[in-house]
Structures are given as structure tokens and as C-alpha cells.
Amino acid sequence: MTQPDDWLDRDDGSAPSCAVEGAIDAVIPMTGITGRLTQNAPLSKLVWFKCGGAADWLFEPSDLADLTGFVERLEGRFPIMALGLGSNMIVRDGGVPGVVIRLGKPFAQVTDMGEYRLECGGGASGILVSSTARDAGIAGLEFLRGIPGTVGGFVRMNGGAYGREVADVLIDCDVILADGSMINLPAADLQYSYRHSALPDGAIVVAARFQGEPGDPAAIGAEMDRIADAREQSQPLRTKTGGSTFKNPDGHKAWQLIDAAGCRGLVMGDAQVSEKHTNFLINMGNATSADIEGLGEEVRRRVYENSGVELEWEIQRVGRP
């Protein structure tokens, strides 16, 4: 869940015009806000690549009312970016302007609603959602086991794996807008396409409901195990990585285009194109975010030169260079 692309990918990394200088707690009243607000908060430990700069401000709300109250008081004067598990993100070395909002344990519950439906907090992981579905005998959500992220992130990005995507199972979601108001959006309003939705700019997904179907817990568990094993065998899961780097172009697999362009194992600084799966970039130890993003751009250049296909980033790139 992120700001509009014209901010995320702005070459100079500057913040949008709504950003203001100064301490947030000097600009807005903090009375009654019970969440944790941290200035100049390092983000490298919170993202899978384990590199990048700090957030100007990091807010960790204590509950839904705390989050809505805080966002309402910002009055749109600071850019907002929500952060889940940090699996599909490059945080640039200059850090992230404005406020990063991290949905922690208060937003990680998953509840069986009956009728083979689950209600999930925006901070719940794909593993937790699929495991809860298994235990309740709800089939059709096993693919979420293969998405390394949280509900908020994969609802926004129409996350998918192993032949299914969020658009196939989402009923609706609850969203906090930039003015602090909360609205409910049915799946149809999100206008889903491949790894994209029409969620409003600056919106934060705080809850979502998914529809499954009757299933046998043992069979569901076996399918989840198959997905977990397939990921283990094909992806560099035990490295500092960020998940799939580029979207699959129409009629192509990104990894095949990258391999055909001779990029397997390509290195820039301490960043490398994975030898195991060429659509993954890895931090071999001390890569900067500039190394990783620069390597990705070099891969895009070589693929275009070799095949005429222009790869699009799937990983979100946020903040200042």
C-alpha cells in the first residue's frame, strides 16, 4: 500500500507538495493518540532486502480508532505510506518522506465469519489467512500461502500466486482515506487488473473479507504444503530478497526474458540477479538500495535490447535516492 507512482518513482525522490517541514507532534495535537510515533525511524530492519534509509516518521497505531484519529489530524499535510512485511519493496537510501504507518498485531487477526468466509485485518499475513482457512475447512485460499506479504498489501496490488489472485476471492475491504474517514469498497470497485487496483491514493487497507468454498482440511493442508515446497525449490527464500521483481509481460515469463538476456548471476555492487530464479534480486550482504535498483534497471535495459520487451517493476520503489 503506497503513494501514487508519480511519487514512488520520482527521479529526484522528492516528496509531494503536501509534505511540510518540522516535527509532526509540533504540528498536530497528539492528545489521546496511544500508538507509537518515532522520528527518523530506520526501515532497513523492516524490509526483506535489509537495506535502505529511514522514515521521517514511523507510526504504529494501537488500534483502529487510534489510526483513524491520527490520520485525521494529519489533514493531508504529510504523505502517508503503509508498510506490511516489507517483502515487495525497495526503500531508497535517502529514506521515506512523511509518515510510514505500520499495521502490527492489532491489525493481524483473522476470524471465521461462517459461510466459508474469513474477515482479515490488514496486517495479517498470507500464511495466517491460509492456515486459518485450512483449520476451518475453507478451500480456495491456499494460494495466499505463497504470497509473502500482508492482507493490506496484496489487496492493493491484487497479489497472486500459483494460478489464482486476490480478485478471485475478495468480497470487500475497509479502507482509511487520507482524511481519516473509513469506507467500505466492494471488490468490483477496485477495478482489478494484473498486480494493480484502483484503490484511492494514500488509502490504507485495514480489513478485508475473503470468500472460499467447502473443503477438507487435510486436502487443503496438502495443497499448502505443495505450494510451500514449490517456493522452497524454485525461489531464493533464504536470502535477502524482495520477491518477484518484474511483472510478467503479456505472453511472456519475466524470468525467461531475463535469462535469455544473459542476466542470470549479474552483479552490481553487492546486489545480484539470483542464480536460482532470475526474477529475484538478492542482497549478498551489504548492498545499498541504489545497488539493487540500479541492477534492476540494468536488467530492464538488457532485456529490452535482447527481446524488445520492456519489463515493468512489480516491486515498489519508495523514497528518496
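Colleague: What is the relative accessible area of Leu128?
Modeller: Leu128 has a relative accessible area of 34%, so Leu128 is partly exposed (under 20% is buried, over 50% exposed, with a 1.4 Å probe and protein chains only). This is a predicted model, where local features need pLDDT of at least 70 and side-chain atom pairs 80 or more, while totals for chains, interfaces and linings use all residues. Residues are numbered from 1 along each chain as its sequence is written, and side-chain values use heavy atoms, without hydrogens or water.

Colleague: Which residues does Leu128 touch, leaving out those up to four places away in sequence?
Modeller: Ala108 and Val110, where contact is heavy atoms within 4.5 Å. The C-alpha atom of Leu128 lies 9.9 Å from that of Val151, 23 residues away along the chain.

Colleague: Which helix is Leu128 in?
Modeller: Helix α4 (DSSP runs: helices are H or I of at least four residues, strands E of at least two, numbered from the N terminus). Helix α4, residues 126-135, packs on the sheet and touches β6, β7 and β13. Its direction makes about 155° with that of β7 (axes fitted to C-alpha atoms, for helices over the stretch in contact; N-to-C angles from 0 to 180 degrees).

Colleague: And what is the strand order in that sheet?
Modeller: β6-β7-β13-β11-β12, an open sheet of 5 strands with antiparallel pairing (at least two DSSP bridges per pair). The edge strands are β6 (110-114) and β12 (182-186).

Colleague: How many bridges join β7 to β13?
Modeller: There are 5, between residues 117-121 and 204-211. Arg117 of that pairing stands opposite Gln211 in β13.

Colleague: Switching to α3, which residues are buried there?
Modeller: Among them are Asp66, Leu67, Phe70 and Leu74. Just after α3, Glu75 has a positive phi of about 55°.
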